[in-house]
Amino acid sequence: MRVLVVENDKVTLLGQVGVALAEAGAEIDLCRPHAGDAVPADDAAHDAIVVMGGPQNARDDARHGYLPVLAALMRRFGDADKSVLGVCLGSQLLARAYGAENLIGAAPEFGWCTVALTKDGAGDPVLSAAAGAFPIFQWHDDTFTLPDDAVRLAGNGAAENQAFRIGRATYGTQFHFEASRAVVDGWVEAFPQLIESRQPGWLARHAALAEESGPDADATGLAIARAWVATIVPVATRQVA
């Protein structure tokens with residue numbers, strides 16, 4: 001399988017998603033539009049797309065002119081029944097692509113937080129890999145309304161729409177299920193001042209919080225990643241079918 005991975009920041013780390021893709025033997029093509037890479041014109045060369053997080057908001061077209069192009073590409077993959085994964089900013093762009101509203105600054109959340117599956121989430125092929133309620137890492141300010149054709153799969157008190165699915169295998173997750181403890185450690189190293197300003201005292205508690213919530217979050221993230229990767233149908237298989 002060949003997967004397009006779009007990074008929206010220089011410190012994007014695939015984490016558990018990368019582990020699951022490697023296990024499946026996926027060929028990964030990286031696109032870094034924040035650094036000047038052109039967003040592919042269509043979905044023809046890839047079986048799936050992953051769009052990761054970043055500091056942008058999903059409507060900041062004035063400073064990041066590629067955002068509407070990327071949102072349209074995500075929809076093109078979804079409409080072609082190819083697997084789509086949007087994480088954090090990626091989920092917000094996916095919601096935009098399918099006509100939902102982006103709510104800028106409406107849902108700040110940081111650290112390991114509890115998310116609960118909906119009834120639909122508990123029966124979903126991907127999100128059911130998680131427990132009914134689970135700790136997972138969050139780092140966002142924005143949220144979104146649910147697209148008309150979407151199924152809400154998870155939520156919490158900070159953001160009602162924490163995960164959704166459109167069609168067979170188009171998924172958005174507001175939470176960072178890719179963020180293993182190793183990924184979080186990398187963010188702590190890269191952004192100590194930003195984290196301290198955002199959540200005073202969190203850095204001092206980081207080790208204890210990681211010990212408390214990290215093992216379950218890591219296991220949940222990898223289980224979700226593996227379940228999503230299992231939805232990818234390589235082109236050769238489609239042609240045989």
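Reading a helix crossing and its salt bridges

Mentor: In this predicted model, helices α1 and α7 cross in a right-handed sense.

Trainee: At what angle do the axes of α1 and α7 cross?

Mentor: Roughly 45°, with the axes of α1 (residues 15-23) and α7 (residues 202-229) coming within 8 Å. Angles under 35 degrees count as roughly parallel and 65 to 115 as roughly perpendicular. The helices α1 and α7 are therefore oblique to each other.

Trainee: Which residues of α1 and α7 meet?

Mentor: From α1, Gln 16, Val 17, Val 19, Ala 20, Leu 21 and Glu 23; from α7, Asp 218, Gly 221, Leu 222, Ala 225, Arg 226, Trp 228 and Val 229. By class, this contact has eight nonpolar, two polar and three charged residues.

Trainee: How many salt bridges are there?

Mentor: A salt bridge is a side-chain nitrogen of Lys or Arg within 4 Å of a carboxyl oxygen of Asp or Glu. By this rule there are 13. One joins Glu 7 to Arg 32, with the closest N and O atoms 3.0 Å apart. Glu 7 lies in the loop between β1 and α1 and Arg 32 in the loop between β2 and β3, so the pair ties together parts 25 residues apart in sequence.

Trainee: Is Glu 7 buried or exposed?

Mentor: Buried means under 20% relative accessible area. Glu 7 has 7%, so Glu 7 is buried. Arg 32, at 34%, counts as partly exposed.

Trainee: Which residues are linked in a network of salt bridges?

Mentor: Arg 2, Glu 27 and Asp 29 are linked in this way.

Terms used
Residues are numbered from 1 along each chain as its sequence is written. This is a predicted model: local features need pLDDT of at least 70, side-chain atom pairs count only at pLDDT 80 or more; totals for chains, interfaces and linings use all residues. Side-chain values use heavy atoms; hydrogens and water are left out. Axes are lines fitted to C-alpha atoms, for helices over the stretch in contact, and angles run from 0 to 180 degrees between N-to-C directions. Helices (H or I, at least four residues) and strands (E, at least two) are DSSP runs, numbered from the N terminus. Angles under 35 degrees count as roughly parallel, over 145 as roughly antiparallel, 65 to 115 as roughly perpendicular and the rest as oblique. A crossing is left-handed if the near helix is turned anticlockwise from the far one by less than a right angle, and right-handed if clockwise. Contact means heavy atoms within 4.5 Å. Ala, Val, Leu, Ile, Met, Phe, Trp, Tyr, Cys and Pro count as nonpolar, Asp, Glu, Lys and Arg as charged, and the others, Gly among them, as polar. Buried means under 20% relative accessible area, exposed over 50%, partly exposed in between (1.4 Å probe, protein chains only).
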